[in-house]
Amino acid sequence: MEPANPFVQYHGGVRRAHCERLPPPLPHQRYGEGKPLRLLSFNVQVGNSTRHYRHYLTRCWQHLLPHSQRLGALQQIAGLLRHYDLVALQEVDGGSLRSGYLNQIEYLAQQGGFPYWYQQLNRNMGRLAQHSNGLLSRLEPESLEDHKLPGLIPGRGAIVSRYRIGDNQLLVVMMHLSLSRRSRNRQLGYVRELMSDASHTVLMGDMNAPAVRLLERSPLEGCGLLAAHNGMPTFPSWRPTRDLDHILVSPGICVDKVDVLDFPLSDHLPVALELRLATPAAEEGWATG
């Protein structure tokens, strides 16, 4: 079942769409070179709480069936998301048995006060599960593309959106990459092609690999991206030792603040960042040091 989006059109196998729009709950805000843009990336694990490795076994049924605590978990997540302008969500359900037929992306958009949202359906298991990525935004994107990523096992995707920030354009790629290094590198090669015409780029999501491997031993090597949170661990949430979730930025993006949040509801911790786009003079200073 495709997400209910009347604006979807198909062009050469890539789905291009405007986000769903909800009535704006906040006064109109202009984001420019001097106003920070607040980003968050969060693998929400369908609203399941995981606090120990044993929960992967004892609570595995929650990935298939509804449970009473899931709506409360989503409400807590929505309370966190309200503080951000652009949110990348991984492992969200688009409306199936396990979520009580609730589109979790739409619900979080409404509860978090986001006027724009988009669901990327990656694995359609009918009434059993609607495995999805999600985009929530307070800014209207100039364009949005839905890309299916290559891999040995289908079901991974990237949402590519472009925003006008002052006189600049910002390209944001949200993704959930494969566990397999071979498939992940194919996906990163595909993503690098998407970045080829962008001057300001942000990659964000659950990338299932540490930052050093992504930036120095993958197709992203040499593209100039920086790991804003400097490899702070995000997994497992109850005792984080591995940096799997990232917000990577290109030079010319000024990072005012970055943090891995102590919000152990999922098995991943969310990554948060505040950024501004540098003026041309500042970019030249960054490049020449």
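Predicted model: local features only at pLDDT ≥ 70, side-chain atom pairs only at ≥ 80, totals over all residues.
**Exercise 1.** Find which residues line the second largest cavity, and which helix gives the most to the lining.

*Solution.* Start with the search of the whole structure, which returns two cavities of 30 Å³ or more. For the second largest cavity, the lining consists of Arg181, Arg184, Asn185, Leu188, Ala209, Arg213, Leu214, Arg217 and Ser218. Next, look for elements that give two or more residues to this lining: they are helix 4 and helix 5. Helix 4 gives the most, with four residues.

**Exercise 2.** Check whether the span of helix 4 fits its 14 residues.

*Solution.* Helix 4 covers residues 181–194. While you are at the start of the helix, notice Ser180: one of its side-chain oxygens comes to within 3.4 Å of the backbone nitrogen of Arg182.

**Exercise 3.** Work out how the buried residues of helix 4 are arranged around its axis, and what they pack against.

*Solution.* First collect the buried residues: Ser183, Arg184, Gln187, Leu188, Val191 and Leu194. Viewed down the helix axis, they fall within an arc of 135 degrees, and therefore line one face of helix 4. Their packing partners are strand 8 (143–148), strand 9 (157–165), strand 10 (168–176), strand 11 (201–206) and helix 5 (211–216).

Note on methods. Residues numbered from 1 in each chain as written. Heavy atoms only, no water. Expected span 1.5 Å × (residues − 1). Buried < 20%, exposed > 50% of the residue type's maximum accessible area, 1.4 Å probe, protein only. Arc of directions from axis to C-beta. Contact = heavy atoms within 4.5 Å. Polar contact = N/O pair within 3.5 Å; in protein donor to acceptor, adjacent residues only side chain to side chain. 1 Å grid on protein atoms, 1.4 Å probe; cavity = no way out; pocket = protein on both sides within 12 Å on 5 of 7 lines; lining within 4 Å. Points joined across faces, edges and corners; volume = space filled by probe spheres on them.
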